[in-house]
Amino acid sequence: MLDSIPSLQGRVSEEEWQLRVDLAAAYRLVAHYGWDELVFTHLSARVPGPEHHFLINPFGAMFEEITASSLVKIDLDGEKVDDGPFPVNPAGFTIHSAIHEAREDAQCVMHTHTTAGVAVAAQSEGLLPISQQSLFPLSGLAYHDYEGIAVREDEKARLVSDLGDANFMILRNHGLLTCGPTVADTFLSMFVLQRSCEIQVAALAGNQRLTPVPQPILDKILGEGDRVTSSQGGKLIWPGLLRKLDRIDPSYRD
């Protein structure tokens, strides 16, 4: 069904079309790296303009199927803005809408339930400074305690308060979240956070004493957080990831 819908290219602004291509690519990459969980979890991005509209996945579509034209445009309440054949899951947008509404710089928000991510989210000490990869999220990492399925409006304020100005978050007993000014930067943040969790789970499974990063080095990273994580995805890595997808299946651009 997704591959039979008409293309929206030329029917939306150039800025929105590029955002659609990038967000569809991010969904495909999440599937490619095995971070998806059937049709659950979401990646969202704010559409340019004053309306505070957002793009999100059509509910029921596998991440590997999503195309630029199939992404659904919604408002802050998770309701569809345009007519279309695809449903959305408003409850699943609760976390995203809270962050988009509170953080003007959070143009993109990604949330995953990976095995390694949930495993670290369940560990009382959270992410440990035991790898070079972990230093990037530790430069600006927030935590939010589990309050049950994230569908209640009153949780939004606590979530936003816990996130503060951080771009990385571990949702206790739940999963991982990243946000940023572009799809590219947000995806790179998720890649590094996910890899940090994978390394930690593997290291703990070895049943050997761990060697933490020396505190002076960690302190220096914490003091240089903006410089460590700023604008790496769009400038350096994202074009290569798009080339990878184009070699695998370029239909995300449809």
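Which exposed residues does the face of α5 turned away from its buried side carry? That face carries A157 and S161, where exposed means over 50% relative accessible area, buried under 20% and partly exposed in between, with a 1.4 Å probe and protein chains only. This is a predicted model, in which local features need pLDDT of at least 70 and side-chain atom pairs count only at pLDDT 80 or more, while totals for chains, interfaces and linings use all residues. Residues are numbered from 1 along each chain as its sequence is written, and side-chain values use heavy atoms, with hydrogens and water left out.

**Helix α5 and its surroundings**

Helices (H or I, at least four residues) and strands (E, at least two) are DSSP runs, numbered from the N terminus. Helix α5 spans residues 155-163, and within this helix E155, K156, L159 and L163 are buried. Seen down the axis of α5, these buried residues fall within an arc of 100 degrees, so they line one face of the helix; the arc is that of the directions from the helix axis to the C-beta atoms. The buried residues of α5 pack against α2, β5 (141-144), β6 (168-171) and β7 (175-180), where contact means heavy atoms within 4.5 Å. Just after α5, G164 takes a positive phi of about 55 degrees.

**Strand β7 and its partners**

Of the six residues of β7, six are buried, so this strand is largely enclosed by the rest of the structure. Two strands pair if DSSP finds at least two bridges between them. Strand β4 (residues 108-112) runs antiparallel to β7 and is joined to it by five bridges, with V109 standing opposite C179 in β7. The pairing of β6 with β7 is also antiparallel and extends over four bridges, and here I170 stands opposite L176 in β7. The hairpin of β6 and β7 has three residues between the strands, and in this hairpin N173 takes a positive phi near 60 degrees.

**Aromatic pairs**

A search of the whole structure finds eight aromatic pairs, for which rings of Phe, Tyr and Trp (its six-membered ring) must have centres within 6.5 Å; planes under 30 degrees apart count as stacked, over 60 as edge-to-face and the rest as tilted. Two of these pairs are set out below.

| Pair | Arrangement | Centre to centre | Between the planes |
|---|---|---|---|
| Y27 and F63 | edge-to-face | 4.8 Å | 85 degrees |
| W35 and F187 | stacked | 5.4 Å | 25 degrees |

Because Y27 lies in helix α1 (residues 14-32) and F63 in the loop between β2 (54-56) and β3, their pair ties together parts that are 36 residues apart in sequence. Y27 is buried, with a relative accessible area of 0%, and F63 is buried as well, at 1%. W35 is buried at a relative accessible area of 4%, and F187 counts as buried at 1%. W35 and F187 also belong to one aromatic cluster together with Y33, F191 and W238.

**The loop residue D75**

D75 is found in the loop between β3 (72-74) and α2 (94-102), and at 23% relative accessibility D75 counts as partly exposed. Not counting residues up to four places away in sequence, D75 touches H52, H53, F54, V81 and F93. From C-alpha to C-alpha, D75 and L127 are 33 Å apart in space, and they are 52 residues apart in sequence.
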